[in-house]
Amino acid sequence: MKRLAATVLSILFLALPALFGAVAQAQEQPRLRVDLDQLNPRVIGTNSTSLIVTGRVTNVGDRPIRKLSVRLQQGTRLQSEQQIGDVLAGGKFKDQSATEFVDLEPDSLEAGQSATLNLNIPLGQSSKLQFAKPGVYPLLVNVNGTPEFGGAERLAAVSLLMPVLGVPGKAPSSRPPTAPSVPLASLLWPIANSTVHVVSSPLGGPLTLADERLAGELGAGGRLDSLVAAARAAEADTKVSSSLCLAIDPDLVATVDGMTRGYQVANGGAPVPGRGVDAAKNWLGQLKALVAGRCVVTLPFADADLTALTKVRAGDATDTALLASAVGGAATIKNLLGIQPQDGVLWPGGALDSQTVEAIGKAGVKTVLTDSGKLQSDSPLSSGVAIEGTDLRAQPIDALITSALNGPGGTQNGLGAIAFRAGLGGQAAGQERSRLLIAPPRHWDASGTELTTFLERMGDFYATGLAKSAPLPDLLGESPSGRASVNYDPQDVSAATSGDVTARMSQIDNETLGLSSSMTMDSTKRVNPADVIAPVRLAIIRAASTSWRGADAGTATGNARGDLEAIRSQVTVERPKQTIALASGASPLPAYVTNGLPVGVNVRIVLKNNLGLRSTAAVPERTVPANGAINQLLPVEALRAGRFSVDVSLTTPDGTKLGTDARFELTSTEYGAITIIITVTAAGALLLLSSRRIYRRIKDSRADRANETAPRVTEDAQV
């Protein structure tokens, strides 16, 4: 038996290195990275004469690579959604044709070095690439090389979808632009934050941002500047312009508006003045010009995960006002941009469970724009549907197109997916979607050139009749084509805001509401208490932002916690600068309470760690006036003489902590009445016990002497 065990262990010992070696090989990091700079044309037509692909190949491995070469491979025409999905996922496809390999310049790279990729492929009858008929074709940019200590192999590849409207060199085919199979297409254009930028924005205080990333995105060539500039350039094409609907994050607009009045940047130490004031003013002006007379829909405030907000203080005490604030950003957009967004229309991020759908309906939302994959229906989701059990309408966003725009080769693959959905090269694909709602990634990070090219090619699709431009309000005005339920699956649960984050949000929200309940409006300041705590409430919503996904609870909720502490730290007990001498054992303890807030605050004073002191009467609740202070004499009694300390703290009437504890150093030379009574009583008890003991000793002593003097009876006497 021992020999068998030893044999098995030996086999395992020998096998483990091979297993780990296989895992290491399977998980080996890529050796090359391909960055494409140009693909021209983006859509092939009968007049296309060549296909140009340029870019750079970088050695991202740890060893030299020799004999680098590249070629373009073309697959067969794609005819199903599954095939499109496989290409987007980087899956292999069967080659229909391919070009010859061309050496890179240079063809050898040390670690960290880059080479130029340049392909110019003639199109036509004699081309190496043959597109037999219109359709969507997969292309593969394939880079081969020989790593040091290895053989020749494919080291990097980029998969692309290429729409082909017409065979190069052949006469174009006609297609009626109003054919029944032509889908109506609307395009959402997201103007949203890439992440949470606001650290704090207190009432009457400076706006503080985490860094200058937002200023960079607003500046010339930045992400947000490019989104606005591309949409403005597209105004020249009325079909593209009319199909475009701007989806705007109210938190972004409010933050940029705050930046125009000056802001500061957290810098690890003392905040420094922000440098993006002019960029903010210019961008906000450009956005106002863009939205004038245009279709606008709202995103949730800070692109918050609405399902997470329904979990804050879940139960009977659920804070529904948080969700209402998150979905009620239309007023902010109207006030700051002068445009009324589509009434009750919301494009939420993430998946919605049935509880959230019900909650946002109660909060005033009438229509949600949502991923078609998150809706379950017995009929095809070709248009808007009613959500079962609610009064809400859902307008499906094409999930295939969103996936294509969100992955590598984003805009190009997005164009390919749109062309496929529109039925390019086959009626079946087009009949699946009579209405196309196209939505790029919410935090789209494509370059200005890519954005402009994308909109120009959409214009080509409209011009050739592949799709028909449709304003989003037209799609939303149609009667629902059926009913559907929301599909909230385990994958959505794992991707949602974590329970640790919502638990922290609940705790902060509970403390915030406790603080708010203690506030009163001052008759002279006329500041609403809700305005004082509003920054904390907004910070709680920002903690649920989809950009925080994967972050720990402390990071996601840190700003909200900081805002709350900043407010309640302004109501505190001042620490005495010197030791307080109690004149008698029952002298009151003077406490000075200050309030730096523009509202009155009801407070309760509490003694802690007061072993040498006791309260002789209940301390009444007091209202500390706005930007004012009060003196409060605390009825106390010293329990001993000498020097000792006591902590004095403040809370709201419901127990929510305020400020920081103040340590009072005290001295007392006299005892209080209760101490004297206790001492006298104890002394009396001691005297009584001592007297009793003395009495018993005397009594016992007398008894002993009496026994000694008494006559003894002897045995003789008895006899």
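A pocket is taken here, on a 1 Å grid over the protein atoms alone, as an open set of points where a 1.4 Å probe fits, with protein on both sides within 12 Å along at least five of seven lines; its lining residues have an atom within 4 Å of a point. The model is predicted, so local features need pLDDT of at least 70 and side-chain atom pairs pLDDT 80 or more, whereas totals for chains, interfaces and linings use all residues. Residues are numbered from 1 along each chain as its sequence is written, and side-chain values use heavy atoms, with hydrogens and water left out.

**View 1. Lining of the second largest pocket.** The second largest pocket is lined by 29 residues, and Ser 201, Ala 254, Ala 534, Leu 538 and Arg 542 lie nearest its centre. Among the elements that give two or more residues to this lining are strand E10 (198-200), helix H6 (250-259) and helix H19 (529-543). Helices (H or I, at least four residues) and strands (E, at least two) are DSSP runs, numbered from the N terminus.

**View 2. The disulfide between Cys 245 and Cys 295.** Cys 245 and Cys 295 are joined with an S to S distance of 2.0 Å, a disulfide being a pair of cysteine sulfur atoms within 2.5 Å. Cys 245 lies in strand E12 (residues 244-248) and Cys 295 in strand E15 (residues 295-298), so the bond ties together parts that are 50 residues apart in sequence. The S-S torsion is about -65°, and the disulfide is therefore left-handed. Cys 245 is buried, at 1% relative accessible area, and Cys 295 is also buried, at 13%; buried means under 20%, exposed over 50% and partly exposed in between (1.4 Å probe, protein chains only).

**View 3. The largest nonpolar core.** A nonpolar core is a set of buried Ala, Val, Leu, Ile, Met, Phe, Trp, Tyr and Cys residues joined through side-chain atoms within 4.5 Å. The largest has 72 residues, and those touching the most other members include Leu 306, Met 519, Leu 589 and Phe 664. Helix H19 gives the most to this core, with 7 residues. Leu 589 touches, among others, Ile 580, Gln 632, Val 648 and Leu 666, not counting residues up to four places away in sequence; contact means heavy atoms within 4.5 Å.

**View 4. The loop containing Pro 620.** Pro 620 is found between strand E29 (613-615) and strand E30 (622-624). Pro 620 is partly exposed, with a relative accessible area of 46%. The C-alpha atoms of Pro 620 and Gln 632 are separated by 9.5 Å.
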